[in-house]
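Welcome! Here is a short tour of the charged residues in this structure and the contacts between them.

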Amino acid sequence: MQRYLDRLIFRIVKLWIIATVFPAWRELCQRHKAAHFLPPRVVVPQWGDEKFLWRKAIDHNPLFATVTDKIAAKEWAAQQGFTIKPPQTLWTGTDANLIPDALWERPIYIKGAHGWRMNIPVLTPPADRAAIIAQANAFLQQEHGRRTRQWAYKPLPRRLIVEEALFPDRDLIEVKYFTFGAVVEQFLVTRHGDDTTSTMWVRDPEGDYVMRDIATMHSSTRDRLPLPPAVKAGLKMAEDIGAAFDHIRVDAMTDGETMYLGEITVYNLSGRFVQGMEADAPVNRSWDLRNSWFLTAKQPWYWRPYANALRRALNRQDARRNKR
């Protein structure tokens, strides 16, 4: 009897999810059917891309909005006492005309605090400051995440932030850590220089990280150099941050020796994994929705029947997987 009731609940919630995040659902359907000839599962998601869609529609953890905002994320990280710090904030505001003159004389980055791909490097005193000010102020007109239904961007105030430019005279190494709870399943190391290289490192059953000999979305050239010491320090930081979430991506920056916290990303690639269509991918096995905010925090009465039904379904899935 309980399973029949759960199925009814799932049908109702499925319609609600599709109506709520329809553009994102339609896009996922196209990718999912191209790979598997099947529609995505949205009420009891199993693969990473399905879980991202579920997160957009259902799992509205208030902390997602906090860490998505570049200014609030720094404040949150400082409150947690992480030993690895973000780049220094030099100014925040809502009008780039008010950026102090002295800051234009040093290497800086001007960013929109409320979205992605809103970065302006100003590494030398600009010849046309007015053009940069206009570009920065245009960021304030943009609302990110609407088309792809990335909920965490919706409540963010539109603000600008000026940060110190890290390593302006040295090559930058970016590291993206994919965390599942306090476990980092994989991380992506991208070295920027004359030739950009990018390498994925994946956690093996013994807990060590091994390089995958595959091209990444950042570069088809793999980096054969040993991992910089700072990457291991970043692992500890990512584990500490990841412990607060069922899944999160933690970005860091280093010159190989000194590590800085970059951004904390709720929806990787707007809500998908590059390996998200592989049934045995670590990102699918490790992302346990039973650790999500929706299933660990008390929900309003109207969501509790679905939360209980989903928890039962996930427990059955886990039991079947353990029998294999």
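This is a predicted model: local features need pLDDT of at least 70, side-chain atom pairs count only at pLDDT 80 or more; totals for chains, interfaces and linings use all residues.

Asp101 counts as exposed because its relative accessibility is 53%, while Arg129, at 29%, counts as partly exposed.

**Other salt bridges**
- The count of salt bridges comes to 17.
- Lys74 and Glu163 also meet through their side chains in a salt bridge, at 2.8 Å from N to O.
- Lys74 belongs to helix H5 (residues 70-80) and Glu163 to strand S4 (residues 160-164), so this pair ties together parts that are 89 residues apart in sequence.
- Both Lys74 and Glu163 are buried.
- Arg158 and Glu143 form a salt bridge whose closest N and O atoms are 3.3 Å apart.
- Arg158 and Glu143 each lie in the loop between H6 and S4, 15 residues apart.
- Arg158 is partly exposed at 33% relative accessibility, and Glu143 is partly exposed with a relative accessible area of 32%.

- Arg3, Arg7, Arg11 and Arg320 form a positive surface patch.
- Helix H1 (residues 2-20) gives the largest share of this patch, three residues.
- Arg7 is found in helix H1, and its relative accessible area of 46% makes Arg7 partly exposed.

Note on methods: Residues are numbered from 1 along each chain as its sequence is written. Side-chain values use heavy atoms; hydrogens and water are left out. Patches are made of residues with over 30% relative accessible area and no salt bridge: like charges are joined within 9 Å, nonpolar side chains (Val, Leu, Ile, Met, Phe, Trp, Tyr) within 5 Å. Accessible areas come from the Shrake-Rupley method with a 1.4 Å probe; for residues, only the protein chains shown count as cover. A salt bridge is a side-chain nitrogen of Lys or Arg within 4 Å of a carboxyl oxygen of Asp or Glu. Lys and Arg count as positive and Asp and Glu as negative; His and the chain ends are not counted. The place of a charge is taken as NZ of Lys, CZ of Arg, CG of Asp or CD of Glu. Helices (H or I, at least four residues) and strands (E, at least two) are DSSP runs, numbered from the N terminus. Buried means under 20% relative accessible area, exposed over 50%, partly exposed in between (1.4 Å probe, protein chains only).
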